[in-house]
Amino acid sequence: MKYLGNKVGNGLAIGKVYIINTKIPRIEKKSLSNEEEITKEKESLKLVLNEVVRDYEKLGQEAKEDEIKDLCNFYKILLNSNSLITSMEEEITREKCDKLTAITKVMKTKQEELSLVDNAYLRERSKDIEDVTNKLLRKTLGMKEIDLKTLTEDTILVAESIPPSVLLSNHLSHVKGIISEIGGKTSHVAILAGTLGIPAVFGIKEISKILTNGELIYINGNEGYIETNLTNTRITEIKEKLKKEELLKESLLDMKDKSSTTKDNKKLLVSANAGELSELDKLLELNCDGIGLFRTEFLFLNRNVAPEEDYLFNVYKAFAEKMKDKQLIIRTLDIGGDKKCSYLDINNEQNPFLGYRAIRYCLNNKEFFKVSLRAILRASHYGNVMIMYPFVSSLEEIRKANEILNEAKIELASNNIPFNKNIKVGIMIEIPSAAIMANMLIDEVDFFSIGTNDLIQYTVAVDRLNPTVSNLYSFYNPGVIKLIKNTIDSVKNKKGKFVGMCGEMATDPLSIILLVGLGLEEFSVNASMVLKVKKLISLIDSNEAKKIANKVLTLKTSKEIEEYLDNKARIIYGKYY
Ligand code: PEP
Ligand code: MG
């Protein structure tokens with residue numbers, strides 16, 4: 001059985017399920033009756049705080065990774081802060097309550113305060129407060145800590161929500177994967193999993209109730225799914241796949257210094273998809289050809305008010321400066337659908353994926369849109385920045401967006417704020433109407449980036465998050481391929497214009513052969529896939545790929561196409577596939 005979730009990345013693994021119960025029992029408030037009890041409660045509060053500080057100190061000292069040392073240090077500073085301790089003590093005195101109640105209340109206030117701060121780093125930390133709170137409560141209640149020391153076999157941790165502190169443990173050698181019902185790619189635990197290279201899939205509903213402890217499962221963090229009920233044949237297949245993946249990984253390290261070219265030396269671009277400032281250093285290390293998709297919505301999510309122009313500008317500027325002359329494609333806000341923002345006036349809709357979202361919302365909220373546009377324009381002074389509009393379904397939308405962009409330019413110019421007056425503007429091709437009339441839209445813009453995640457969803461009418469119909473969601477659907485071909489063809493012979501792909505299809509080994517053959521110029525993929533895609537491209541001869549693509553265009557079913565490409569991939573990629 002296959003369960004789809006959100007891919008958090010970091011590869012593949014097979015292992016036995018270990019379900020972590022992170023639930024804290026409901027805490028009833030206890031009233032203290034006299035001064036003596038209050039003093040005692042405050043003293044035992046200090047003992048708990050000291051113990052937890054010591055635990056973090058030890059974890060920090062033993063940790064090898066800087067991120068983990070930093071996180072432990074942050075927790076330590078937080079728990080040692082006089083204001084926090086005083087607030088808890090005051091709460092006990094004022095309310096005559098027990099320490100559990102005081103800890104819960106004060107930590108909740110702290111979390112709310114941080115979630116409002118206009119600083120991405122601190123805001124991200126607000127989520128960690130919950131983790132510290134739970135640790136304090138578990139300690140107070142005398143609950144056992146999650147003990148990974150006792151693991152003796154390859155294990156996949158499963159929980160409703162994996163607390164980041166679990167990954168602070170030094171006993172992760174047997175932890176081969178993590179699965180969580182909630183949490184996104186930008187959650188702290190996802191970032192830590194990335195640092196530690198642990199495959200992760202999040203967002204599979206009820207999975208901690210579906211799986212049982214000890215059952216063997218397969219986790220594919222790159223594609224975002226897990227598989228259960230593995231037969232012996234399937235286990236052998238998976239193990240074979242893991243071996244190849246390992247081989248490929250080893251061969252990837254030297255790809256950092258090589259340019260992205262096909263076997264016959266055709267230069268292509270392999271860029272990265274990004275969305276958070278914290279990813280920047282990692283991306284620079286990869287030496288990718290640029291950022292093909294900066295998902296700005298991550299800067300708008302998990303907060304109570306919209307970010308200010310200066311804040312956005314500073315994030316974009318940091319990327320632009322570090323990327324130097326490499327292209328940085330910043331997508332304007334792609335909110336709505338599954339990405340909800342509590343402070344925007346988007347009502348609950350019956351079909352949010354077909355509703356009021358992305359460019360549609362921005363065009364209706366001109367001043368709000370202009371804040372983002374000005375931030376991008378200002379950053380364009382510091383690097384090779386381009387603007388990309390998402391979810392475009394018509395030519396009018398591009399024209400309207402460009403009119404607002406012009407107003408933003410005029411505003412900046414009249415205030416003598418520098419920006420690139422010739423900034424390139426592109427659109428995502430992720431709605432079938434846009435792909436069909438690509439030859440008309442290309443005259444309005446400088447580039448296209450094909451968003452296959454949505455393009456496939458809308459072309460075959462399959463909710464990309466619904467596992468029940470996921471069998472129909474295929475990169476190899478002939479209809480989808482025709483739309484991609486149409487999009488790529490419409491850019492051919494248009495001087496100075498280019499076409500890329502930032503959807504997940506650009507990471508699929510079979511599709512990469514087809515896409516090189518169709519003439520795609522830029523592959524923008526998740527950071528963890530950049531070197532792999534570069535490697536695979538280096539094994540493809542573009543002329544041979546063209547012939548393969550021509551053949552694919554004559555095939556009539558997804559199955560035939562997949563089988564045909566699979567056969568070709570075995571020859572082209574050899575031991576790497
Ligand atoms: C896409 O739709 O392919 C895409 C890259 O955008 P997102 O996944 O953010 O919708
Ligand atoms: Mg999309």
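View 1. Because eight of its nine residues are buried, helix 19 (residues 530-538) is largely enclosed by the rest of the structure, where buried means under 20% relative accessible area (1.4 Å probe, protein chains only). The buried residues are Val-530, Leu-531, Lys-532, Val-533, Lys-534, Lys-535, Leu-536 and Ile-537. This is a predicted model in which local features need pLDDT of at least 70 and side-chain atom pairs count only at pLDDT 80 or more, while totals for chains, interfaces and linings use all residues. Residues are numbered from 1 along each chain as its sequence is written, and side-chain values use heavy atoms, with hydrogens and water left out.

**View 2. Domain 1 beside domain 3.** The protein chain is divided into domain 1 (2-22 + 146-230), domain 2 (35-141) and domain 3 (257-576), with bounds that come from an automatic or database domain assignment. Ten residues of domain 1 are in contact with twelve of domain 3, contact being heavy atoms within 4.5 Å.

**View 3. The side of domain 1 that touches domain 3.** Between domain 1 and domain 3, zero residue pairs are in polar contact (both at pLDDT 80 or more), that is, a pair of N or O atoms within 3.5 Å, of which, within protein, one must be able to donate a hydrogen and the other to accept it, residues adjacent in sequence counting only if both atoms are side-chain atoms. Strand 2 (6-9) and helix 6 (188-196) each supply at least two residues to this side of domain 1, and helix 6 gives the most, with three residues.

Notes: Chains lettered and ligands numbered in written order. Helix = DSSP H or I, 4+ residues; strand = E, 2+ residues; numbered from the N terminus. Buried < 20%, exposed > 50% of the residue type's maximum accessible area, 1.4 Å probe, protein only.
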